[in-house]
Amino acid sequence: MNQSAKRYSPLQIVLIGGAIATTATVSVFGSAWTRCVLAALEDSPKALVDQVWQLVNREYVDGSFNQQDWIATRQSLLSKEYSSNEQAYVAIREALQKLGDPYTRFMDPQQFKALTNQTSGEVSGIGIRMEMNDQTQRLTVLEAIENSPALKAGIKAGDEILAIDGKSTQKMSVEEASGLIRGKVGSPIKLQLGRTGRSAFDVKLTRAIIEVPTVRYTLKQEGNRRVGYIRLREFSGHASEQMRRAIQDLNAQEPDAFVLDLRGNPGGLLNSSIEIARMWLDNGGIVRTVNRAGGSELTNANRTALTQRPLAILVDGNSASASEILTGALKDNNRAVVIGSQTFGKAMVQSVHPLADGSGLAVTIAHYYTPDGTDINKKGIVPDIKLDLTAAQERQLATNPNLVGTQNDPQYARAIAALSSNNFALPPASQTNQPVSSGARDLKF
């Protein structure tokens, strides 16, 4: 293995599709000249523009910058006058478009905050999931999350949210309500609730940090087989610990097999996908990344699998990035049978940097390959058993989410049939244990 692969800062959280990283900018020009320029640009929109340019110049995976003269781009950016950060944002986005890479992108402060919240797997709020009820057209609680202020206050699924801090929720969208419910940790909030069988009542709560559940699981009896069904929605900062709890909990119930549902999972932190792969796989490669200089790094399993039970994975066209890392690792190592539709096909790694004004920048820094060396970028992973849902089946599952992961879900039903046939690979009985790469960091896909 080529050991020249880039080593990431311990402070860096890289996303395979976007990452959070705390790294200093480095100019390609002389240090004295750079200090003079930065002093002149300090606290101006031009400083932000230059910070973005230098990060791309240092990290972008394509050293030719899509055949663009990147030095000339900098000169053009700094020759302009910007009366506001918003004007600088427009210029930055125009410059990044020249790279022809949709994953190298600029995020304004609001967009960057949303990404960091999603990646962390935490929000500051009261811990409820809600929806707009189609029949009543009222905001309705779907679930009060475990150990949350909402659950402790007795809020239940089916409760209608009539007002938030005295503001009526009539004609309010779920997004607007979420914005009002979230807030500073420790701050108070009052909800007016409606519940069947009683008059409207108020509940006072205190906002807290809520760990967003990304893993849901249950034990199903399918004929004479007990199947542990696990659905993973994204690879957030808490996904691996939630997955560990799910597998351990299901193991205690002695399942005969597992179904891991990655359909609709857009990705997340690379490190989460590696950790989760190691929960299913004892030996073998997980992912290979290649940087701008051609440095290659292979990350391996490390004999820490939590189960050896047969495994089926469900994927679709929205299973992307970290989902494809996990699927590719288990497929290439003959650890699981993959069922569903061809996956999205995103095999690029991004590092995301916070910028001086609270905005952020995602920069593509590497290309990844499955353990067998397959490049899935813009191609995706072809399932072992390809089964596309019809438009009618997709509508049925979308309008009746309780059918997902049941015999009324054609892809799940096919997975159960595959598991029952025993006609798929079990964990290899013997496999050379390769050395584990020590350079993996939290990348997001």
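**Pockets, confidence and sheet**

The lining of the second largest pocket has 12 nonpolar, 8 polar and 6 charged residues. Here Ala, Val, Leu, Ile, Met, Phe, Trp, Tyr, Cys and Pro count as nonpolar, Asp, Glu, Lys and Arg as charged, and the others, Gly among them, as polar. A pocket is found on a 1 Å grid over the protein atoms alone: an open set of points where a 1.4 Å probe fits, with protein on both sides within 12 Å along at least five of seven lines, and lining residues have an atom within 4 Å of a point. The volume of this pocket is about 700 Å³, volume being the space filled by probe spheres set on the points, which are joined across faces, edges and corners. Of its 26 lining residues, V123, I128, R129, R182 and V212 are the closest to the centre. Strand β3 (122–125) gives the largest share of the lining, 4 residues. Helices (H or I, at least four residues) and strands (E, at least two) are DSSP runs, numbered from the N terminus.

The model is predicted: local features need pLDDT of at least 70, side-chain atom pairs count only at pLDDT 80 or more, and totals for chains, interfaces and linings use all residues. Residues are numbered from 1 along each chain as its sequence is written, and side-chain values use heavy atoms, with hydrogens and water left out. The mean pLDDT (the predictor's confidence in each residue, from 0 to 100) is 87, and 85% of the residues reach 70 or more. Over residues 1–13 the pLDDT stays under 50, and over residues 424–445 it is below 50. Where pLDDT is low, the predicted coordinates should not be read in detail.

The largest pocket holds about 1000 Å³ of space. Among its 27 lining residues, R231, R233, P401, N402 and V404 are the closest to its centre. By class, this lining divides into 9 nonpolar, 8 polar and 10 charged residues.

Two strands pair if DSSP finds at least two bridges between them. Strands β17 (residues 337–340) and β20 run parallel, joined by 2 bridges, and K386 in β20 is the bridge partner of G340.

How values were computed
Contact = heavy atoms within 4.5 Å.
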